[in-house]
Amino acid sequence: MKLVIQRVKKAKVTVEENVIGTINEGFLVLIGISNNDTKENADYLVKKLINLRIFSDSEGKMNLSIKDIKGELLLVSQFTLYADCKNGNRPSFLNSAKPEVAQPLYEYFVRTM
């Protein structure tokens with residue numbers, strides 16, 4: 001699994017002009033799932049994400065986690081994180097898990113968070 005984590009004050013996801021997710025302060029997280037990922041990978045990354053201390057404390061030090069600030073999460077499935085662009089101009093997505101594999105693991109990740 002690959003995560004791209006962005007600390008945000010506000011974020012929203014829009015699909016065909018419909019807002020499908022919105023948060024205030026917290027993390028916008030793009031989640032890529034590969035063919036080799038397991039629930040154990042998801043469990044490890046959930047723990048890492050919850051405890052990642054990248055929010056500022058009262059002294060301006062990045063010392064607080066999302067749970068410390070009671071932040072929100074916007075989790076977005078993003079198969080393109082496993083794009084392979086080494087050869088030619090068309091990316092290969094052979095390393096991205098197929099939807100029937102990725103969706104249950106993504107939903108597990110969301111439930112566990």
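Biologist: What covers the buried residues of helix 2?

Modeller: The cover includes strand 1 (2-8), strand 4, helix 1 and strand 7. This is a predicted model, in which local features need pLDDT of at least 70 and side-chain atom pairs count only at pLDDT 80 or more, while totals for chains, interfaces and linings use all residues. Residues are numbered from 1 along each chain as its sequence is written, and side-chain values use heavy atoms, with hydrogens and water left out. Helices (H or I, at least four residues) and strands (E, at least two) are DSSP runs, numbered from the N terminus.

Biologist: Which residues of helix 2 are buried?

Modeller: Ala102, Leu105, Tyr106, Tyr108 and Phe109 are buried in helix 2. Buried means under 20% relative accessible area, exposed over 50%, and partly exposed in between (1.4 Å probe, protein chains only).

Biologist: Where do they sit around the axis of helix 2?

Modeller: They cover an arc of only 160 degrees around the axis, so they lie on the same side of helix 2. The arc is that of the directions from the helix axis to the C-beta atoms. An α-helix has 3.6 residues a turn, so residues three or four places apart point the same way.

Biologist: And which exposed residues does the face turned away carry?

Modeller: That face of helix 2 carries Pro99, Glu100 and Arg111.

Biologist: Changing topic, how many residues has the largest nonpolar core?

Modeller: It has 18 residues, and Met1, Ile31, Ile33 and Phe109 have the most contacts inside it. Strand 4 (26-32), helix 1 and helix 2 (99-112) each supply at least two residues of this core. Its largest share, five residues, comes from helix 2. A nonpolar core is a set of buried Ala, Val, Leu, Ile, Met, Phe, Trp, Tyr and Cys residues joined through side-chain atoms within 4.5 Å.

Biologist: What about a second core?

Modeller: A separate core of seven residues includes Ala11, Ile23, Leu28 and Leu74.

Biologist: Is Ser34 buried or exposed?

Modeller: Ser34 has a relative accessible area of 8%, so this residue is buried. Ser34 lies in the loop between strand 4 and helix 1 (39-51). Not counting residues up to four places away in sequence, Ser34 touches Tyr82, Asn95, Ser96 and Ala97; contact means heavy atoms within 4.5 Å.

Biologist: What lies over the face of Tyr82?

Modeller: Lys2 does, at 4.6 Å from the ring centre. A charge sits over a ring if NZ of Lys or CZ of Arg is within 6 Å of the ring centre and within 35 degrees of the ring normal.
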